[in-house]
Amino acid sequence: MMTDSEHQMTTQQLIDELAKCNISSERKSIYRDIETLRSNGYEILKGRSFHDNTYYVNERRFSVSEIKIIMDAVQSAAFIPADKTEILLDKLAYLSCKYRVELLKRHTLQFMTVKHKNDSIFQNIEIVENAIEKQMRIRFQYFHLNEYDEKVFAHDGVIYQEEPLGLIFEDGNYYLLCYRADPEYVNKVKAFRLDRIEDPEIVSEPISQNAVEVLKNVSTYRLQSFKMYGGSIRKVTFQFSSKLIEVVYDKFGHDIIIRCNGDICKTTVLVQISPTLWGWMLQFPRSMKIYEPEDIREEYYKWVRSALEQKDQQQ
């Protein structure tokens, strides 16, 4: 794209640009061509420069601000390796008008994001997305990293065969949600970090009907605060200071109902009970507590006491 509202082209400039492409034209043909393009839905705007008409296209697939947002998201995504991040940023910058490419690249800040090193991440995403779209099973190996930054395959390298439900982007990482009616899979769903998946393959076997039913509610599962996986899903009422209203909205979404009586607020949400939830609450020790149910409140207190006992033992 060579034009925008700040970079308009005169009729003669259009003739010169077409000549570079070995296309001969003159003013009357330029006028006819522009009218033809307009009649076919192209919004070509007209301006004026001294005694000559100017033309430009003010709309494009992405605006500069939209591309900037996408570029920032790419930079902050930990699952995209550093080298592939640079390639993506370069491609995204060229989606804008050519005069703004350097501006976009120059104004892109470098986030202090720890990038992972799985160079197969794009290929993994393509395979997984294909399996999800076709509702087919998938198999792969899964690994963790040891103290030497080496791969250690889970369960001695066993091949996982899973029923994929969807991908979730959370906290800079991509996770693959899978269904299985297995005690190890809390609520019959387990999350695998996509950059820890090795050699995924589509299996020529459709996912089960039970998985199809769960698939219909994947969006609901996301709303139950995905990062808190690892325990049963419960309805919990939190009591907190009004100063934490924005924090609570950020955590549980803006569709929750918050009721306040002076400085004391309450909200009831579905969450998954796990140490991740307790760790989040500990950021606000004097400003937030579990109001009900009592068994969940006692479970939280028990976890806090065990953490304090561990501290005492270390001393």
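Leaving aside its neighbours within four places in sequence, which residues is L194 in contact with? L194 is in contact with N118, I121, N124, I125, V128, L167, Y174, Y175 and L176, where contact means heavy atoms within 4.5 Å.

## Model and conventions

This is a predicted model, in which local features need pLDDT of at least 70, side-chain atom pairs count only at pLDDT 80 or more, and totals for chains, interfaces and linings use all residues. Residues are numbered from 1 along each chain as its sequence is written, and side-chain values use heavy atoms, with hydrogens and water left out.

## Overall composition

The secondary structure of the protein chain comes to eleven helices and 13 strands; these are DSSP runs numbered from the N terminus, helices being H or I with at least four residues and strands E with at least two. Of the 315 residues, 38% count as buried (buried is under 20% relative accessible area, exposed over 50%, partly exposed in between, with a 1.4 Å probe and protein chains only).

The chain exposes about 19500 Å², and carbon and sulfur atoms supply 50% of that area. Accessible areas come from the Shrake-Rupley method with a 1.4 Å probe; for residues, only the protein chains shown count as cover. Among contacts with a separation of 6 or more, 62% are between residues 24 or more positions apart.

## Nonpolar cores

The largest nonpolar core has 27 residues, and F140, L167, L176 and L194 touch the most other members. Such a core is a set of buried Ala, Val, Leu, Ile, Met, Phe, Trp, Tyr and Cys residues joined through side-chain atoms within 4.5 Å. At least two residues of this core come from each of α3 (64–76), α4 (82–93), α6 (121–134), β4 (136–145), β6 and β7 (173–179). Helix α6 gives the most, with six residues.

Another core, of 21 residues, lies apart from this one; V248, I256, C265 and M281 are among its members.

## Helix pairs

Two packed helices are described by the angle between their axes and the distance between the axes. Here axes are lines fitted to C-alpha atoms, for helices over the stretch in contact, and angles run from 0 to 180 degrees between N-to-C directions. Angles under 35 degrees count as roughly parallel, over 145 as roughly antiparallel, 65 to 115 as roughly perpendicular and the rest as oblique.

The axes of α1 (residues 11–20) and α2 (residues 27–39) come within 10 Å and cross at roughly 90 degrees, which makes α1 roughly perpendicular to α2. T11, Q12, L14, I15 and L18 of α1 meet R27, I30, Y31 and I34 of α2 in this contact. Its residues divide into six nonpolar, two polar and one charged (Ala, Val, Leu, Ile, Met, Phe, Trp, Tyr, Cys and Pro count as nonpolar, Asp, Glu, Lys and Arg as charged, and the others, Gly among them, as polar).

The axes of α3 and α4 also come within 10 Å, crossing at roughly 175 degrees, and the two helices are therefore roughly antiparallel. The contact involves I67, I70, M71, V74 and Q75 of α3 and T85, L88, L89, L92 and A93 of α4. It divides into eight nonpolar, two polar and no charged residues.

## Backbone details in loops

E292 and P293 are joined by a cis peptide bond with omega of about 5 degrees. P293 lies in the loop between β13 (288–292) and α11 (294–314).

N22, in the loop between α1 and α2, is a residue other than glycine with a positive phi, near 65 degrees. N22 counts as exposed, at 74% relative accessibility. H155, in the loop between β5 (151–153) and β6 (160–170), has a positive phi near 55 degrees and is exposed, with a relative accessible area of 55%.
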